[in-house]
Amino acid sequence: MRTITLINGDGIGPEISDAVVKIIEASGLKIDWDIQTAGEDVIAAEGTPLPKRVLDSIRENKVALKAPVTTPIGKGFRSVNVQLRKELDLYANLRPCKNLPSVKTRFDNVDIVVVRENTEDLYAGIERQVDSDTAESIKLITRKASERICRFAFDYAVKNNRKEVCVVTKANIMKLSDGLFLDSYRKVAEDYRDIQKKEILVDNLCMQLVQNPEKFDVLVLPNLYGDIVSDLTAGLIGGLGVAQGANIGLDYAVFEPVHGSAPDIKGQNKANPTALLLSAIEMLKYIGEYKYAERIEKALFDTLREGICTSDLGGTYSTTEFTGKIIEKL
Ligand code: ATP
């Protein structure tokens, strides 16, 4: 039986991870979950929101499913999510955004994959207070990280029969940093003759995405633009409740939804487990469990097709009722 690390998170994390674990169990697939707590709730006992045991567990199991974890603001802790990605060198953040059955949105032909660089840019955390009225953040871009994320995007396109990889920058203004990212893309692109290339500025991309999202296929972006644009693409397919994600490196992979811990709906049995479930389905494909991944995906899609959904999608079903309906289908 495969052992997988499960970080059940805080906020709505425990509710949605409970749902996903039950759904996977109902599919017939047996997984030995190595449950690791992290975030706000463990700080008092362990002095950090990301104890070493969590990283050790992922290093041992190679794969993790992660529900959202809150990093307390202003208490001097680095973001758990950012730290996890850095420690494990999960350099690629993959966020596929595709319309789901019966989920009404403005567009019904969205099928975009956002590939976000995960380790540098303004997220490198290099900041300083110059004086009491001035603060400074460094936008760090390296050729090594830029080339490997572009290569990841092209390889993903080849493996998944995608037609185009579009690079997104603001290289007309940040000529050196975004210019380096763009140059790295161009170099890597030479190795992929069968994939179409496109270059776009991030502001233009945002406008076009909300007018003609069907024009886009795979997008590759530096960290900050990737963060913002992937929330936009999540909005195109029904919002954060359905937006899946994965952080992938050479050795490890952590699958997690795009959304945060949603403290406003914590404990109300309202949270939509779909984003975590879709992330888990991708995880099952990643570990080669295609049969179970397809079985669960079908049960989810059939449930949505019947108009059964949680309140974020306009439905009346609670987290547990929605989960129960998927389990019935399995
Ligand atoms: P973070 O900065 O940690 O990403 P955030 O500030 O972007 O967090 P989220 O926690 O992602 O915020 O929540 C944003 C909004 O989306 C909230 O109103 C929340 O209730 C809603 N939301 C997020 N996830 C879900 C979900 N799974 N089901 C239903 N609503 C959700």
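Arginine 162, at 16% relative accessibility, counts as buried (buried means under 20% relative accessible area, exposed over 50%, and partly exposed in between, with a 1.4 Å probe and protein chains only). The structure is a predicted model, in which local features need pLDDT of at least 70 and side-chain atom pairs count only at pLDDT 80 or more, while totals for chains, interfaces and linings use all residues. Residues are numbered from 1 along each chain as its sequence is written, and side-chain values use heavy atoms, with hydrogens and water left out.

The side chain of arginine 162 meets that of aspartate 111 in a salt bridge, with 3.2 Å from N to O (a salt bridge is a side-chain nitrogen of Lys or Arg within 4 Å of a carboxyl oxygen of Asp or Glu). Aspartate 111 belongs to strand S5 (residues 111-117), and arginine 162 to the loop between helix H5 (143-159) and strand S8 (164-169), so the bridge ties together parts that are 51 residues apart in sequence. Helices (H or I, at least four residues) and strands (E, at least two) are DSSP runs, numbered from the N terminus. Aspartate 111 has 29% relative accessibility and therefore counts as partly exposed.

## Further salt bridges

By this rule, the count of salt bridges comes to 25. One of them joins aspartate 227 to arginine 116, whose closest N and O atoms are 3.5 Å apart. This pair links distant parts of the chain, with aspartate 227 in helix H8 (residues 223-236) and arginine 116 in strand S5, 111 residues apart. Arginine 116 is buried, its relative accessible area being 2%, whereas aspartate 227 is partly exposed at 24%.

Lysine 329 and glutamate 306 also meet through their side chains in a salt bridge, at 3.1 Å from N to O. Because lysine 329 lies in helix H11 (residues 319-329) and glutamate 306 in the loop between helix H10 (290-305) and H11, the pair ties together parts that are 23 residues apart in sequence. Lysine 329 is partly exposed at 33% relative accessibility, and glutamate 306 is exposed, with a relative accessible area of 52%. Elsewhere, salt bridges that share partners join Arg143, Glu147, Asp183 and Lys187 into one network.

## The ligand and its surroundings

The residues around the ligand are Ile12, Leu240, Gly241, His259, Gly260, Ser261, Ala262, Asp264, Ile265, Ala271, Asn272 and Asp312 (each has a heavy atom within 4 Å of the ligand). This shell divides into 5 nonpolar, 5 polar and 2 charged residues. In this division, Ala, Val, Leu, Ile, Met, Phe, Trp, Tyr, Cys and Pro count as nonpolar, Asp, Glu, Lys and Arg as charged, and the others, Gly among them, as polar.

One oxygen atom of the ligand is 2.6 Å from a polar backbone atom of glycine 260. An oxygen atom of the ligand is also 2.9 Å from an N or O atom in the side chain of aspartate 264. A ligand nitrogen atom lies 2.9 Å from a polar backbone atom of asparagine 272. Taken alone, the ligand exposes 620 Å², of which the protein buries 58% (accessible areas come from the Shrake-Rupley method with a 1.4 Å probe).

## Helix H4

Within helix H4 (residues 80-87), Val80, Val82, Leu84 and Arg85 are buried. At the start of H4, a side-chain oxygen of serine 79 comes to within 3.2 Å of the backbone nitrogen of asparagine 81. Aspartate 89 follows H4 and has a positive phi, near 50°.

Glycine 39 is situated in the loop between strand S2 (31-36) and helix H2 (43-46), and it counts as buried at 0% relative accessibility. Leaving aside neighbours within four places in sequence, glycine 39 is in contact with Asp10, Pro49, Val69 and Thr70 (contact means heavy atoms within 4.5 Å). From C-alpha to C-alpha, glycine 39 and glutamate 214 are 38 Å apart in space, and they are 175 residues apart in sequence.

Serine 146 is found in helix H5 and is buried, with a relative accessible area of 1%. Not counting residues up to four places away in sequence, serine 146 touches Glu120, Ile141, Phe181 and Ser184. Threonine 323 lies in helix H11 and counts as buried at 5% relative accessibility. Apart from neighbours within four places in sequence, threonine 323 is in contact with Ala19, Ile23 and Pro273.

How values were computed:
A polar contact is a pair of N or O atoms within 3.5 Å; within protein, one must be able to donate a hydrogen and the other to accept it, and residues adjacent in sequence count only if both atoms are side-chain atoms.
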